[in-house]
Amino acid sequence: MLELVNISKGMNEFALQNISFSVQKGEYFVILGPSGAGKSVILEIISGLIKPDKGEIYLNKKSITQDKIQNRKAGILFQDLAIFPHLTVRQNIEFGLKQKKLNSANRISIVNKLSSEMGIDHLMVRRANSLSGGEKQRVALARILAIEPECLLLDEPLSSVDTSIKEELWYLLKEIHANGQTIIHVTHDFEEAMILADRVAVVSEGKIMQIANKYDLIKKPQSKFVADFVGIKNYFSAMVSQVNGHYVVEINKNVRFVCNKGEEGRCHVMIRSSEINISANKFSGEKNIFPGKLTAIVPCKNGMELKIDMGIMLTAFVDYRLIDIEGLVIGKSVWVKIPEESVNVIYNYG
């Protein structure tokens with residue numbers, strides 16, 4: 001439906017570089033990255049607010065690169081919402097419909113339908129400046145949906161609302177998407193991306209680092225940057241070789257893991273924190289068992305994060321109870337065991 005081909009844009013000391021991706025009709029596509037990565041610039045180029053230096057934008061296989069904003073069939077919602085504070089909720093939703101010169105009966109029908117879907121039909125005579133943050137978000141969404149955009153563009157739309165309201169709006173956006181709306185959503189919030197997205201493009205310093213569905217993004221991050229951004233702590237450059245019929249991943253001369261599949265060559269290796277076993281006593285067996293020293297214990301929402309120096313700095317996530325059971329304290333010598341199937345070897349990395 002929407003396709004960007006080699007979009008580039010220089011802006012003072014920042015530049016978008018050869019941005020290419022496609023978004024299918026009815027897809028929820030999230031552009032994820034830190035502040036200053038270029039996410040909002042991509043969205044503004046799609047909307048027509050900014051012209052690219054080079055590249056093409058296609059909507060339904062037709063180039064819209066030079067089209068005016070009003071001819072792009074895209075509605076954009078910014079972080080600051082830009083609703084009219086002096087107008088009522090009804091007048092805000094009607095605004096775009098009046099520009100389309102719809103008759104009064106059609107306008108009323110559309111406004112009533114959207115106000116019901118957004119859960120704001122009890123607010124119609126209220127002025128926008130008297131609304132809460134969550135109510136304003138719903139009004140802004142209704143106003144944009146009223147013009148029936150083929151593609152809804154959301155630029156950090158939930159960054160200024162409280163967590164409890166944010167969760168309500170996540171599910172509202174999921175409902176809008178379930179009705180067939182194509183959505184491109186910019187955010188720096190990884191949790192938000194995982195809840196909403198069909199696919200995710202991770203962006204850093206004006207470049208796309210990886211595009212994947214949200215499950216592959218977690219299972220197979222293709223760079224250290226992506227791994228860090230999605231919260232994977234154990235991600236190392238390595239070399240795979242065959243030793244005595246086993247695939248062995250060498251991170252350095254003192255740290256080698258046996259894995260259950262692979263091919264020889266340079267790679268990255270990823271080990272999930274929750275799949276690492278820790279004990280004060282040596283584990284039985286021979287493979288992937290290492291001595292180490294506990295250097296940090298960090299309480300987390302659902303357990304404890306342990307930092308272990310075993311020739312590399314490894315992060316393990318364990319249940320609270322293990323701390324007392326094993327008598328774990330900072331500085332204590334511990335043993336680490338990593339199952340072969342938990343050594344994930346990734347070859348296509350950036």
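Author: We will go through sheets, hairpins, helix packing and salt bridges in turn. Keep in mind that this is a predicted model.

Reader: Start with a sheet. In what order do the strands of the four-strand open sheet stand?

Author: Read a sheet by its strand order, then by the direction of pairing. Here four strands form an open sheet in the order β2-β1-β4-β5. The pairing is antiparallel.

Reader: Which strands stand at the edges there?

Author: Look for strands with a single partner. Those are β2 (14–23) and β5 (62–63), so one side of each is left without a neighbour in the sheet.

Reader: What packs on this sheet?

Author: Helix α1 (residues 39–47) does. It touches β1, β2 and β4. The direction of α1 makes about 60 degrees with that of β2.

Reader: How many bridges pair β1 with β4?

Author: Bridges tell you which residues face each other across two strands. Strand β1 (residues 2–11) pairs with strand β4 (residues 54–59) over five bridges, in the antiparallel sense. To find one spot, take V5: E56 in β4 stands opposite.

Reader: Now the open sheet of five strands. What is its order?

Author: The order is β15-β19-β16-β17-β18, with antiparallel pairing. The edge strands are β15 (277–279) and β18, and each pairs on one side only. Next, check the turn between strands. Neighbouring strands of this sheet are turned by 40 degrees against each other on average, direction ignored.

Reader: Where does β15 pair?

Author: With strand β19 (residues 333–337), antiparallel, over three bridges. N277 stands opposite K337 in β19.

Reader: Which residue takes a positive phi in the hairpin of β17 and β18?

Author: In a hairpin, look at the residues between the strands. This hairpin has three of them, and G311 takes a positive phi near 95 degrees. Compare the hairpin of β11 and β12. There two residues lie between the strands, and N244 takes a positive phi near 50 degrees.

Reader: Which strands does β11 run antiparallel to?

Author: Take its partners one by one. Seven bridges join strand β11 (residues 234–243) to strand β14 (residues 265–271), antiparallel. Y235 stands opposite M270 in β14. Five bridges join β11 to strand β12 (residues 246–252), also antiparallel. M239 stands opposite E250 in β12.

Reader: On to helices. At what angle do α4 and α5 cross?

Author: Read the distance between axes, then the angle, then the residues in contact. The axes of helix α4 (residues 133–145) and helix α5 (residues 163–178) come within 10 Å and cross at roughly 15 degrees. An angle under 35 degrees counts as roughly parallel. So α4 and α5 are roughly parallel to each other. The crossing is right-handed. G134, Q137, R138, L141 and L145 of α4 make the contact with I165, E168, L169, L172, L173 and I176 of α5. By class, that is seven nonpolar, two polar and two charged residues.

Reader: How do α2 and α4 cross?

Author: The axes of helix α2 (residues 89–99) and α4 come within 7 Å and cross at roughly 30 degrees. These two are therefore roughly parallel to each other. Their crossing is right-handed. V89, N92 and I93 of α2 meet V139, A142 and R143 of α4. Four of these contact residues are nonpolar, one is polar and one is charged.

Reader: At what angle do α2 and α3 pack?

Author: At about 130 degrees, with the axes of α2 and helix α3 (residues 104–117) 10 Å apart. The pair is therefore oblique. α2 passes α3 in a right-handed crossing. The contact is made by R90, I93, E94, L97 and K98 of α2 and R107, I110, V111 and N112 of α3. It has four nonpolar, one polar and four charged residues.

Reader: Last topic. How many salt bridges are there in the whole structure?

Author: A search finds 15. For each one, ask where its two residues sit. The side chains of E27 and R199 meet in a salt bridge, at 2.5 Å from N to O. E27 lies in the loop between β2 and β3 (28–32), and R199 in strand β9 (residues 199–204), so the pair ties together parts that are 172 residues apart in sequence.

Definitions and conventions
Residues numbered from 1 in each chain as written. Predicted model: local features only at pLDDT ≥ 70, side-chain atom pairs only at ≥ 80, totals over all residues. Heavy atoms only, no water. Axes fitted to C-alpha atoms, helices over the stretch in contact; angles between N-to-C directions. Parallel < 35°, antiparallel > 145°, perpendicular 65-115°, else oblique. Left-handed = near helix turned anticlockwise from the far one by under 90°. Contact = heavy atoms within 4.5 Å. Nonpolar A, V, L, I, M, F, W, Y, C, P; charged D, E, K, R; others polar. Pairing = 2+ DSSP bridges. Salt bridge = Lys/Arg side-chain N within 4 Å of Asp/Glu carboxyl O.
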